[in-house]
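Keep the structure open as you read.

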Amino acid sequence: MEFVETIRKSNTIDIQILEKILLSFANLDGRKVTGDFALSLQPLSSKIAKELELNGHKLFSPLESIPNISNCDDVVHSATALIIRTFIFSQHERLLEMLLSWSRHGFPVGKCLLSYVLRLAYEAHVAGNVMLPDNSIKANDLGMPFLFLHMDEDFSFLNGGRKDSPEADLSTAKMDHQLVANFVDGAFSAYRCFLMYSRNSLDKAADVPPARLLFSDLGYCSKWEKQILKFSFCSIFYYLSDLSTGEEDIIKLLVTLLDQADIVLMQFEIGVKKFSIFGENTETIFYLIKNSLNWGLLEQHKVWGLIGSELAVSMVQVDKLILEFFCSDNLDPNSASIAVEGLLMLCSCRMPTPELVGAIMLLPTTAFQYFSAAVLATWAVSNSSVLFDSLANFLEKLGNEKGDLFTSSGIRINHSAISWLLSYFNTQGMKDNDILSKLSVSILDMKSMLQL
C-alpha cells in the first residue's frame, strides 16, 4: 500500500506526508489494510502525533477564540485542521478509528472537531448574507480564509489530492447558496458520526450519552466572541436537535453564557420556529422547570423568556404542565416565583381551550392562590367568548361525568377562580338568561357544583 511505504520511508512526518497518509486512508474504498499495518492504527496514530509535535505542530489544540486575519493561517493550515477536513470530506472508517485512537489517548478531538464545524458554519452564515444577485458568492471576495480553504481542499480531495486542476482554482469561482449549505451539513454530519462512536471509545464498559459529550465539547467554545457564541448555540439546536433539545446541561450553559440581548434574539428565531430548545415532551419540560428553581435569578429569567417564546407557538400540553407544577410537593413561594410569573405570561398568550381552562379551575389553593383568578381575568379581556365556551365545556363535564372524573369526596375548585367568576358576573350584571344561560347553569347551581 502507498501509505505504508510512505510511513516506512519517513523518519519524520510533516504536513505534506500527513496529507498523503490521510488521503491514502480515505481512498481505500473498502479495501482492507494488510501486513504490519493491518491492526496498527493505534501505533500509527501515536507516531503521527509524536512526530508532528517534534516538528512544532501541536495536535488537537482547541480554539479558545476565533482567530483574526493576522493569525488565521496558523489555524486553518494546521495539522489538526487538515485531519479534520479530510475526515469531514470522507468520513472513512479508518480515519474515524484514528480520531478515536487519539481521543482515547487524551487528545480533545471532539472539542477541536466541534470548534472547526462551528467556525465553518459561522463563516458560511456570514457568506450567506453577502450573496450576489444570482444567489452566488464570489469566493475571493469573501475575506474568510477558513471557509475558502475548506472549499479549496474539498475540490482538491474530490480530484484525488491534485492542486493543479482547473476545478480546484477558486480564486475567481462562484458558489451558490446550496453548495455552501452542503459544506455545513457535511461538517455537522461528520461531528455527529464521531460522537456516536465516541460514546464508549474511552471505556468499553461505559456508555456516555452523545448529548453529554456534546455538552462537554460545547463548553470549550465558551470563550468565543459573544456574537459567534450565540450563533453556535442556534446551530447546535438546528443541526443537532436530537442531541440538544431538552438537554438541561446545554440549556443551562446557554442562559449562563449569553446576555439578555442575545436571549431576545433567540426568542425571535424560536418564535418563527427556526429551531426548538425544549421540544414537546411535557415531562422533560416539567423536570427542567423544576430543576431551574435552583438556578440563579438571572438564569431563571432568561430561561423563562425562551420557554415562553417556544411554548406560545408549540403543541405542548400546557394544561398538564401547569397542573403538574402547581400540584408539586413543597412549592416554595420564593424559589418558584419566577416560574409562576413565566407560567402566567404563557397562559396569557395561549387560547383558553377547554383543557387549559379546566386545569386553571382545578389548581390547588396554594401560596399562589390568586394565579387562577389572574389568568381568567386576562382571558376575559383578550378572549372572553372562547373563555366562557370553554368554561361551559368544563362545567358540563363537572355535572355530567362527576362519577368518572372525581373522587367520592368531590374535587375542590380553586377558590380564587370561584371568587373572580362570581365577581365578574355580578359586575357585568349578568342574569340567568344571559351568559349563565349559555353555560346551561344557574348561579345557585354553579355555587353548588363548585362547592362554594
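## A pair in helix 6

Which side chain meets that of Arg94 in a salt bridge? The partner is Glu97, and the N to O distance is 3.6 Å. This comes from a predicted model.

Find helix 6, which covers residues 93–104. Both Arg94 and Glu97 sit in this helix. They are three residues apart, or about one turn of the helix. Now check how open each residue is. Arg94 has 18% relative accessibility. The cut-off for buried is under 20%, so Arg94 counts as buried. Glu97 has a relative accessible area of 27%, so this residue is partly exposed.

## A pair in helix 7

Move on to Arg119. This residue forms a salt bridge with Glu123. Their closest N and O atoms are 2.3 Å apart. Both residues belong to helix 7, residues 109–128. Arg119 and Glu123 are separated by about one helical turn, because they are four residues apart in that helix.

Are these two buried or exposed? Arg119 is buried, with 5% relative accessibility. Glu123 is buried too, and its relative accessibility is 5%.

## A link between two helices

Next comes Lys230. Its salt-bridge partner is Glu269, and the closest N and O atoms of the pair are 2.7 Å apart. Here the pair links distant parts of the chain. Lys230 lies in helix 11 (residues 226–239), while Glu269 lies in helix 14 (residues 260–271).

How accessible is Ser244? Its relative accessibility is 0%, so Ser244 counts as buried.

What lies around Ser244? Set aside its neighbours within four places in sequence. Ser244 is then in contact with Leu214, Ile236, Phe237, Ile250 and Ile277. A polar atom of the Ser244 side chain lies 3.3 Å from the backbone oxygen of Ile236.

## Recap

Arg94 and Glu97 pair up within helix 6. Arg119 and Glu123 pair up within helix 7.

Definitions and conventions. Residues are numbered from 1 along each chain as its sequence is written. This is a predicted model: local features need pLDDT of at least 70, side-chain atom pairs count only at pLDDT 80 or more; totals for chains, interfaces and linings use all residues. Side-chain values use heavy atoms; hydrogens and water are left out. A salt bridge is a side-chain nitrogen of Lys or Arg within 4 Å of a carboxyl oxygen of Asp or Glu. Buried means under 20% relative accessible area, exposed over 50%, partly exposed in between (1.4 Å probe, protein chains only). A polar contact is a pair of N or O atoms within 3.5 Å; within protein, one must be able to donate a hydrogen and the other to accept it, and residues adjacent in sequence count only if both atoms are side-chain atoms. Contact means heavy atoms within 4.5 Å.
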